[in-house]
Amino acid sequence: MSPLNSNSPLNSNLLLYARSRALPMTIAVLVAAAPATAWCADWLLTRSDPGPRARLPVLVLAPVLVAAAIGVGLYSHGDELDRTAVRPWWPRRGWHLLLLTALAAGLLAVAVPGEPQAYGAAAMARNVLGAVGVTALGAALIGARLSWLPMLVHTSAVFLAGQAEPGGSGAVWAWSVQPGAQRAAWGTAVALFAAGTCLYALRGARPEGPGSRR
C-alpha cells in the first residue's frame, strides 16, 4: 500500500489528529490574520505620526491573537485516548506547535516589513515566538481553553506600566514592546517559546471539564 494512499493508517491517524485539534480552522485564522495585520499597520501609519513606534500596537496585539488561536486548538477532545495510545504523542505535539508557530511568524513578519532596528518583521517574528511560548505554557498548566489568558495579562500589564525604553531591564520584562534588534528581548522570547514547547509536548494540554485529571 502506498504511504500516500488516503486509506492508509498513517494518513487516517494524521487526519484524525488534525480534526481533533481543529487544525484547519487554526490555519485559516493564521492566514486571515496576515492581511488584516498589514491593513492595520498601514492604517496606523496614515492616522498617526509615522514614527518608529506607530505600528507598535499591531506588533504587540497581532501575536497575542494568533497565539490565542493556536492555544485554543491545543485542546484535546480525547485526553484518555492520548494517554493510552501505543505511540508517544510528544513528537506530534511538538511538530504541531513548531509548524503553526513558523507559519504564524512568517505570515505576520511579511505583513510588517521593516528594519531590524525598528518595529518591523524581526520584532513581529520575536513576538510570535514569545506569545506562543507563553500560551503553550498556559495550555499545559491551566488548560487550552484559557491558554490565551497569561499572555493577555502580561500584555495588559506592559501597556499599563508604560512602554519601556529600549534596552535595560525592560528588554526582559517588557520584551514584546522592544525594537527588533534587542538581544535581551529575543533571548526572553526564545526561552519562553522553548519552555512552552517542551512542556506542552511532554505533558499535553491540561485536561478540562468534570472528572478530568492529570
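I take helices (H or I, at least four residues) and strands (E, at least two) as DSSP runs, numbered from the N terminus. With that in hand I looked up residues 184-202, where the span is 100% helix and 0% strand and the end C-alpha atoms lie 27 Å apart.

I note that this is a predicted model, in which local features need pLDDT of at least 70 and side-chain atom pairs count only at pLDDT 80 or more, while totals for chains, interfaces and linings use all residues. Residues are numbered from 1 along each chain as its sequence is written, and side-chain values use heavy atoms, with hydrogens and water left out.

**Entry: the chain overall.** I found nine helices and zero strands in the protein chain, so I turned to burial, where buried means under 20% relative accessible area, exposed over 50%, and partly exposed in between (1.4 Å probe, protein chains only). Of the 214 residues in the protein chain, 43% are buried. Taking a contact as heavy atoms within 4.5 Å, I read that 69% of the contacts with a separation of 6 or more are between residues 24 or more positions apart. The accessible surface, from the Shrake-Rupley method with a 1.4 Å probe and with only the protein chains shown counting as cover for residues, comes to about 11,000 Å², and 69% of it belongs to carbon and sulfur atoms.

**Entry: the record.** I checked UniProt, whose unreviewed entry lists residues 22-44, 56-75, 95-112, 124-144 and 184-202 as "transmembrane region"; its positions are given in the numbering used here, feature names are shortened, and annotations may be inferred rather than shown by experiment. For residues 124-144, I found 90% helix and 0% strand, with the end C-alpha atoms 23 Å apart.

**Entry: the core.** A nonpolar core is a set of buried Ala, Val, Leu, Ile, Met, Phe, Trp, Tyr and Cys residues joined through side-chain atoms within 4.5 Å. The largest one here has 44 residues, and Ile70, Leu97, Leu108, Met124 and Val132 have the most contacts inside it. At least two residues of this core come from each of H2 (23-47), H3 (56-72), H5 (90-111), H6 (121-142), H7 (149-161) and H9 (183-203), and H6 gives the largest share, 10 residues. Setting aside residues up to four places away in sequence, I listed what Leu108 touches: Ala33, Ala34, Thr37, Ala62, Pro63, Val66, Met124 and Val128.

Entry: Thr26 is in helix H2 and counts as buried because its relative accessibility is 5%; beyond its neighbours within four places in sequence, Thr26 is in contact with Arg21, Ala69, Ile70, Gly73 and Leu100. Leu129 is in helix H6 and, at 18% relative accessibility, counts as buried too. Not counting residues up to four places away in sequence, Leu129 touches Thr101, Trp186, Ala189, Val190 and Phe193, and from Leu129 to Leu192, 63 residues apart in sequence, I read 7.8 Å, C-alpha to C-alpha. Val158, in helix H7, is buried at 2% relative accessible area, and its C-alpha lies 8.1 Å from that of Val177, 19 residues apart in sequence.
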